[in-house]
Each structure stands twice: as structure tokens, then as C-alpha cells.
Amino acid sequence: MDRPYFISYSAVEARPFAEQLCTELETGAPPFRTWFDRRDLRPGDDWDRQVADAITGCAGLLFVMTPDSVDDLSVCKPEWARALKCKKPIIPLLLRKEAELPFRIANRQYVDFTGDFASGLDRLRAHLAWLDSPEGVLHGLKERLADAQRDLRRAADPAEQTRIGGEIEELTRQIEAQKRIVADPEAAARRVEESIRLGLERERQPTHPPPKRAGGRFVNAPPAVAPSYFQNRYVETGLVADFLADDARRLMTVVGRAGVGKTAMVCRTLKALEGGQLPDDRGAMTVDGIVYLSAAGARRLTLTNLMADLAKLLPPDAARPLESIAKDPLISAEARMRSLLEAFPAGRTVVLLDNFEDAINPATEAIRDRELDEALQTLLRTPHHGMKVIITTRIAPRQLALVEPGRQMRLELDHGLESPYAENILRAMDADGTVGLKKAPDALLAEAQKRTLGFPRALEALYAILSADRYTTMAEVLGDARAPLPENVVEVLVGEAFSRLDPLAEKVLQALAVYGRPVTPVAVDYLLQPHLPGIDAAPVMNRLVTMHFARKDAGRYYLHPVDRSYALATIPADAPGATAADEPPPFARSALFRRGADFFSLTRTPREEWRTIDDLAPHLAEFDLRCAAGDHDSAAAVLQEIDFEYLMLWGYYRLVAQMHEQLRGKLNDPWLRQNSCGNLGTAYYWTGRYAKAIESYGEALEAARASGDTWGQSAWTGSLANCYGELGEIRRALELYDEALALARQVGTPLAEAAHINNRGYYLVDLGASREALQCHRQAFELSNQGGDRQGNSIHLANQGARLNDLGETDEALARCRESLAIARKIGYRYSEVVSLTYLGDIHRDRGEWSEAMASYGDALGIADEISNTQFRTLAEWGQAYVHLCTGDLAEAARLAAEARIHEVPRTSHGAWAISGVIALRRGEVNTAREAFVSAVAAADLLLSRNDRNSPALDSRGLALCGLALCEADPAHLAAAGAAYRAARTICRDVGIVARSLRLFDELARADSAGMLGKARPLAAGTY
């Protein structure tokens, strides 16, 4: 690190020398940065604080020895004393022969400047360069050992002797390790490389941790384990208990500044609940389960993760559909959350969302993740369920607080622990009494409670300072009792504690800060190896845990958010003139982020073992670190390995969208930019955000045109066509398919041609052109057959079957779908299998073969769940609802329709609402039916405003208006219904489509006790 050397001197005796030294060190070769008070002190700021901070952040202290500077009353004494506390190298520079080194640093070897300045400067340069060498590091450790041994000889207190003895033992261990590095640096480097190699092999092993902890009712580890000494908070704990016991309350927000103990207090309460008891002898309370999530952890705080973790508390049969719904890109956050809450209708299931401030925009105090915001609002608005959520945060979400305030509780935790509980914490941390807190006077500990405000993290930082620096007393740390308390007392004490660390421990903490997630020791070894070739981080990390600098859980180490922020800020953002190719890389933030990303790239499991998102954790961590390093092109390359074939295939469209959004406007490589925009468009498309998808596909298309990529132009034009088709703008979609097809033919890619022709046929149905659509599917089949694309063959045959069914040619339709199914099963193409089964169900349904239809739909549902394809799950559910309607099981029809309707697509929602209205009216639920029919008319009108020849929308409009006539006993709706049916039959008279429309009409007519619909049926049939 390019840190400056602090120049400590007597202004009355050595100012000219110090000025010359500063200039010569910085301008000579090699240059060394310096901190010189006459130049670097800022007017108006506290000078003592500036000096202290400069020593804390320096590479070492250059102590200019003159009679005045070595005097006990010299201003230099506090400077070299602080350097000792901060474990900085002290390099004495003898300027006057009569000056003698102070006793506490008498073992240092000075650089002689009593003679020629240039000669002394050369010796100093050589010494400073040597200090960074393995020999120099060993020398520094030996100096510290000599200091400790000297102090041990003079220590009278047994506790002090024990403490110094422990420091000597640790220094001896470090010295022996450093001696091995000095004696054979190559062997030491090989040892570290071998250790890292073995560690990486362990990291690469696919690990599928058990989803539940003891008892199967508690998911994930708590974000913090409240230590046994964490006491008091009786009132606050009681309020949490009251919240959990109150069935009317749904959400508790625990708000307080960093380090106040929010997480510890809540985790202490929940840990007691795991045993069926409230803490502090408050009695028994049972919970059905607890889920712990933290925004500061490696597992992202998203609705998908929340639903997946809560599903682990359910039996497999109940969890499976919930897991499928969680990833469904077209189901709203509100609908998904309602499905989740329905799975927990009673009892008491608790969710802790810790470090929630990371999910909040500090400028607006709004929740960044729109889905998470909608889910929490749904939690509050849904009256009957057994879910309770506790949020711990530094920033309260403002808008959320306005939603159903009667169902919320807010607990302000901005005050710390009171006496004697704060004092008890200090005594309990010093279990062996070596730090001097266990037997400290009550008055001193009371002052500590006052000066730290009783904040638990501040108390821990106070202990860490005293544990790391035996030269400092608690009275010194606490400072002048008359001075005002700093608002950021936690951050101040954390910084003071950090400044007391030895160089090795400091770098280990900085490495943990770079990763920003729980990691194993091998991750730290890998990150620091270029800077510390003999690194062995494990014992250092364990020591840091003991000293309350770091946390540990399940063999992985991490930092409190306050500590991470401070440690990260101590690393230079970048090294001037450095490049990514530099070896060794500079000790700078961007370079460390890059190397941390490299570590995760090496821990990937083999591709053939990627089965769940947990197997992609290294990719996700690498992506985050590449973005943090500003290397967005590399981040995009990482993402494009997993976004289309894995994350989107598994249903994580929202996650893919969020990750690509981080890359927008930041990519340099044209190909990466084109594909990132395109895949972002695909993620938007599958989440129903068609306008955003069109925008992203448009950017991808422009990038493809700019680079002359005809294949890309064809792909993105076809994707644009899909969006317009789903929006009901069929003519625009068909124009774009024609453009995409022409481009594909230029490139000579039959499979791309087949895809565009097939999609073109799919949307022609909306124009009533079933025969033309059938021809498209046949042409697509021929092209895929030429290209040997058996997957395409299967899909195109299934689509042929669907179109033949529309035309009433059901025997041939069955043959095509069965052939498609046979191919799909032979090649293991599950997607085509579910398509074929769904279409087979439709054909059997339209033939009145109810049992065969239900069997096909049931098989389709099973496969759809396996591959997380909710589009065809929904189509199969609609088919089953249709069958139950026609066979008279209205209750089951209503249940299936309600499940299927949560998956809404603009192009088909009119039909979903219409059939829901028919079912409701047949059950006598007139108001529900009316609402459904109104929604059906609105959805149909939206599509007809874009394409007035949309025959399916016209059929749904006619049916819904007939339904409204029955609901309101008002024949005025029938004229508009007749006009819609007449227009639909003018466009399309295909036998299968008309028969399907008539069957729904006849099911509606069963509710027509007054015979109002008699004249409408011929219009629906086209026999007028």
C-alpha cells in the first residue's frame, strides 16, 4: 500500500531538516510519500485529531531525534507512543549526537544523520525498502517481541503478566512462521499454493446444505448469535413478545443506529423461541417455524428467496406448487405473496429480515425492490394468516409505515443498554481478566457505559481496543468526560479498534471487507497471497473473532456492517497508473475486488452438476465483485454463462433482469452490450413487462445493426415480434416476423427461419387464420427436419396438432400430438413433452373425452412443476377447470380457475376472466361473476383497440356481455354481445374454434332461467 511515512520532529530544533527530508524522500528515487504537519494539516480542523488519524493511517513513523524531541515533555512523545499503540514501525533518525532514544523504544536501531545528509538519506531509503521485504517484516516482529519481553519483566499484576504472555506467544508463532518464509521463500510460497489448491478443491465440491436446522422448523442460521452476556432490553424484548402474541399484528420494524444491538436483541428472543420459551422467564410460546434472512448476507433478500425458504417449512406436497409459483415470471408479487400466506393460514411463523437498510433507498426511504415492497404490503393487507415479519434496520421504510398502520408495530432502539447491563457485557467479555475489565472499578465501567451510550457494538469495540493495545487504558479511550459525545460513537470506536491491529490482522480484516460475505480462510489466503506470500489466515481470523473484530458461523468468517464499511474505506480506491495486468496487483480496492472475483471463478462446480441456484453461488458472487471493481464487461461475460440456459430456465427471470440492469450503459464490448440488452429484454418479456422488453430488444437490435450482425438482427427482430404479439398488436408482430425471416434467410440459418415461421403461425390464430397458421407450422417442421433439429420437430408437430384441432380435424390432431410426444420422450425434451400433453388434453376435452383429457392435463401439470414452467401449468389448470365446468363439478372448477388466474397474460386474460365468470354465475355467485365479466370485457377491449380483427377477444367479449345481461337482468348488453359474436364469425368460422365457443356459451346458458340468451346463440354459432 502506498501509505505515507509520518515525520515526527521538534519544530524548534529540526524544522529545516524535516522540510528537506520530506522533499527529498518524495522527489528522489525510489519515492516515498510522507506526512508533514507544516504542509498537510488542514486549517480549521482539530489538529490533534488530524495528527492522530495521520499516525493511524501511516506506513511508519520517522522519529527525528534531537534533545527537545526525546524529552519526556516533548510533543513528539504522544506521536511515537500512538505509533506504538497502532503497531507502526518506528524508525529513529539521529540528527543530534547527544539525543538518546526514549526507554520504551530503546531497542530500535537508528539511522545516523549526524554527518552527511545525502549518506543518511541513502541509508534511510534502503531501510524503508527493506522493511517491506520478508526480512524487514521479521525484524518488525522481533522488535515488538522485544518490547513485550521488556514489559513482561516489569509487569507486577498477574493479569497483566498473563496478557503479555499471550502476546509473546502469538508473536513467537508469527516469528517462527516468518523465519520459514525468510529461510526458504519458495517453499513457503509452495506451501501456501498447495493449501489454496486443496482449499479450492473443497470449495468446488457441490454442497447442498440441509434446508432446515434442528427440528426442521428453523431455516438458515441467525444473522447473529446473542452472547450469553447480552442482558437487559427487558422492555424491548417484552414488546417483541407482545407483537408475536397479538394475532392482529403482522409487521414489527425495529429501528436504530448501527451497533445499537437490534439484531442481537431480536435473535436472542427468537433463539429462546426455538426452545418454546420466551426469554427472561416470560413463559412459554410456541412457533411453527422461523426463517432468518439478512440483506447483508450472501443470500439476496428477495421475494423469491423468502418464498423458497418459507416453503422449506411445509410438507413436500404443499411446498412444490409454492416453489413453482415463487419463480413464475408472470404472477404479480401480490398474488405470489397471497399464495404464500394461504399456505400458512394459522399458527405463528416468524420471518426476520435483518440489515434491511441495505434494501432501502436512503434518499427516498423507499424499498428499492418493488416486489419485496408489494409483498410486505400484501402481508399487511391480507387479514387472516399466521405469518409475522420482524425487520431490523437503520432506516425505516417510510411508505410501508403508512400501509395498515394498525397491523404494525415500530420499536425505536436508538438508546443503548443501561447500567448495570452495559457494565456486565464488558466484564463478561473479559472472562479471564487479562484486559482489566473484569475487576475494573464500578465507576470506571459506569463511565464506559456513558461514553459508549451503552451501544453493544461500541462496547465490543472498546473491548477490542483494549485487547489489541495493552499500552492503552480504558480511561484514555474514553477521553475527557466533559467532552461532548460523538453522534457516531460506534464508528469512532470501531476505527480506534481497527487502528490498533498489527499489519497482518489489518490486512485479513480488509480482505473480509472486500468479499462482503461469509468466506472460508482459503478465500482470504487467496486474496492476500500476492501481498503476503506466506499467508496463513486461519489462526489470525480465529484471533480476530476472539477479540470481537470478526464474526464466525459454520466455518465462515464475516464482519459487522459497521466494521466492513470502515475496513473497506481504509483501502485505497485505486493505485495511480496501475493496470489490471500488473503483477503483483496493487493493494487497492479495485484490484482486490478483481482478485476476489477470480477466487469465486475458481470455486465453480462442474457445469454438469449445476442443478439449482445454490450451485451458481460462485457466479453470483463473482458478478457482484466484478461490478464492484468496475469491470462490467467481465461481469457481463460471467452473467451470460448462466442467465439464459440456467437462471431463466429455472424461472429466475427477475434476478436476471436485476443483474443486467446493473450493466446498462456500462459495457464497452459491442457483442456483450448487444447480448446483455437482448437477454434483459427476454427477462422483461417473461415477467410480462412488454414495454420494457421492447425497449431493451430495440437497443440490442441497434447494436446488432451497428456491428453488422445479421444473425443478431434476425434474433432481436423476432423477439420484438413476440412482444407485440403478446400485447395483441398482431399485424405489427407479423410484419416484424417477416423482417426477421428475411434476415435469417440472408444468414442461411434454417433453424432460425423455422422459429420465426412457427411463431408467426402461433399469432395468426388471433386473426382467425388457422389454416395459414397450420401451413406455417408445417413449413417450420420441414426446416427443422432439414437441420436435424428434433426438438424443433417435436414442437412444430405439437403446434400442428393444436391448429388441426382448431379446424375440427381432431383425429389428425391427435396423431400429430402423439407423434410430438413420442419424439419429446425419446430425446428427453421435457418442454415439448408438457406442450404435447397440454394440447392432447385440449383435443380430448373438445371431443368430450373427459377422463382422457384429465389424464393428459394431470401429466402436463406434473412435468410443468418439475421444469418450473408455469405457462403450461396454467394452461393445463384452465383445461381442467373447463372439464370440471362441463361435467358439473363447479367447486373444483372454481378452485382451479382461481389458481390459474394468478398467471395473467394480456393476450389471453380475456378468456380467463370470461370462463371464471361463467363458473361463478353457475354457482350463484352473482357479484363475483359480474366482476369477472367486467374484467373480461375490459381485457378484450384493450386488445381490440390494437387489432379489431382479434377473433378470440371478440368471442370472449360476446360471452362476457351475455353474462353481464344475466347478472344484471338487463337485455341491453345483448346487442353489443351479438355484434361481437357476428364480428368474430365474420373473421373465423373454423369448426373447432366455433364449437369451443358454443360449448362455453351453452354452459353459461344453463344459468339463463328467463331465456334471455335464445337469440344470441345463432350469432355465436355464425348461423344467423
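Two strands pair if DSSP finds at least two bridges between them. In this predicted model, strand 1 and strand 2 are joined by 2 bridges. The two strands run parallel. Strand 1 covers residues 5-8, and strand 2 covers residues 34-35.

S8 has F63 of strand 3 as its bridge partner.

Now look at the side chains of strand 1. Y5 and I7 point one way. F6 and S8 point the other way. Are these residues buried or exposed? Y5, F6, I7 and S8 are all buried.

A probe the size of a water molecule, rolled over the atoms, shows where empty space is left. The structure holds 1 cavity of 30 Å³ or more. The largest cavity contains about 50 Å³ of space.

Which residues line the largest cavity? They are V494, F498, L509, F549, L559, D563, Y566 and A567. By class, the lining has 7 nonpolar residues, 1 charged residue and no polar ones. Helix 19 (489-499) and helix 23 (561-569) each supply at least two residues of this lining. Helix 23 gives the most, with 3 residues.

Technical notes
Residues numbered from 1 in each chain as written. Predicted model: local features only at pLDDT ≥ 70, side-chain atom pairs only at ≥ 80, totals over all residues. Heavy atoms only, no water. Buried < 20%, exposed > 50% of the residue type's maximum accessible area, 1.4 Å probe, protein only. Helix = DSSP H or I, 4+ residues; strand = E, 2+ residues; numbered from the N terminus. 1 Å grid on protein atoms, 1.4 Å probe; cavity = no way out; pocket = protein on both sides within 12 Å on 5 of 7 lines; lining within 4 Å. Points joined across faces, edges and corners; volume = space filled by probe spheres on them. Nonpolar A, V, L, I, M, F, W, Y, C, P; charged D, E, K, R; others polar.
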